[in-house]
Amino acid sequence: MKMYETHERTEDIIKILTKIWKQSVKATHLFLTDEQINKIEQYVPLALKEVNHLIVIENDEEAKIGFAGINNQKLEMLFLLPDQRGKGIGKQVISYCIKQYNMNELTVNEQNPQAVGFYQHLGFKVYKRTALDEEGNPYPLLYMKR
């Protein structure tokens, strides 16, 4: 496995990462309908282009299997292909982000209990909860810090 920050935000990379995002969300965000996922997907390319640090994760065959995004020491996004979950990759990515970018904060959907548990296992603690997400939808968010 290889992780690296990419400064190239070509249409090809954005398409591949958006596809990874969608597969990951379908596997983990069970509270969203397909229609809601498709609506949110429209905003993913812009988020990928605008995040300060975009970290790409590749397998040994150099195929992209996930990505993370960091702004100002905050993890903004972490998505892995569903078949890559549970292999310790997420833990390695978080460790990398902490070491390289001093990442110490993140936001996670409360309705994604596997992700909440994952971050708690890595030492993050909830310091704030909102009943709505940033777009005003009824998806509670947990704000966590190390």
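1. Strand β4 gives the largest share of the lining of the largest pocket, 7 residues. Strands here are DSSP runs of E with at least two residues, helices are runs of H or I with at least four, and both are numbered from the N terminus. Please keep in mind that this is a predicted model, where local features need pLDDT of at least 70, side-chain atom pairs count only at pLDDT 80 or more, and totals for chains, interfaces and linings use all residues. Residues are numbered from 1 along each chain as its sequence is written, and side-chain values use heavy atoms, with hydrogens and water left out.

2. Now the pocket itself. The largest pocket holds about 1600 Å³ of space. Its lining counts 50 residues, and the closest to its centre are Trp21, His29, Glu76, Phe79 and Asn109. Among the elements that give two or more residues to this lining are α1, α2 (34-41), β3 (64-71) and α5 (113-121). (A pocket is an open set of points on a 1 Å grid over the protein atoms alone, where a 1.4 Å probe fits, with protein on both sides within 12 Å along at least five of seven lines; lining residues have an atom within 4 Å of a point. The volume is the space filled by probe spheres set on the points, which are joined across faces, edges and corners.)

3. Next, the charged pairs. A salt bridge is a side-chain nitrogen of Lys or Arg within 4 Å of a carboxyl oxygen of Asp or Glu, and the count by this rule comes to 6. Lys2, Glu58 and Lys64 are linked in a network of them. Glu58 pairs with Lys2 at 3.7 Å, N to O, and this pair joins strand β2 (residues 53-58) to strand β1, 56 residues apart. Glu58 also meets Lys64, at 3.3 Å.

4. (Buried is under 20%, exposed over 50%, partly exposed in between, with a 1.4 Å probe and protein chains only.)

5. Finally, have a look at Arg9, in the loop between β1 (2-6) and α1 (11-28). Arg9 is buried yet has no salt bridge, and the nearest side chain of opposite charge, Glu5, is 5.1 Å away. (Lys and Arg count as positive, Asp and Glu as negative; His and the chain ends are not counted.) The Arg9 side chain does reach the backbone oxygen of Lys49 at 3.0 Å and that of Val51 at 3.0 Å.

Conventions
A polar contact is a pair of N or O atoms within 3.5 Å; within protein, one must be able to donate a hydrogen and the other to accept it, and residues adjacent in sequence count only if both atoms are side-chain atoms.
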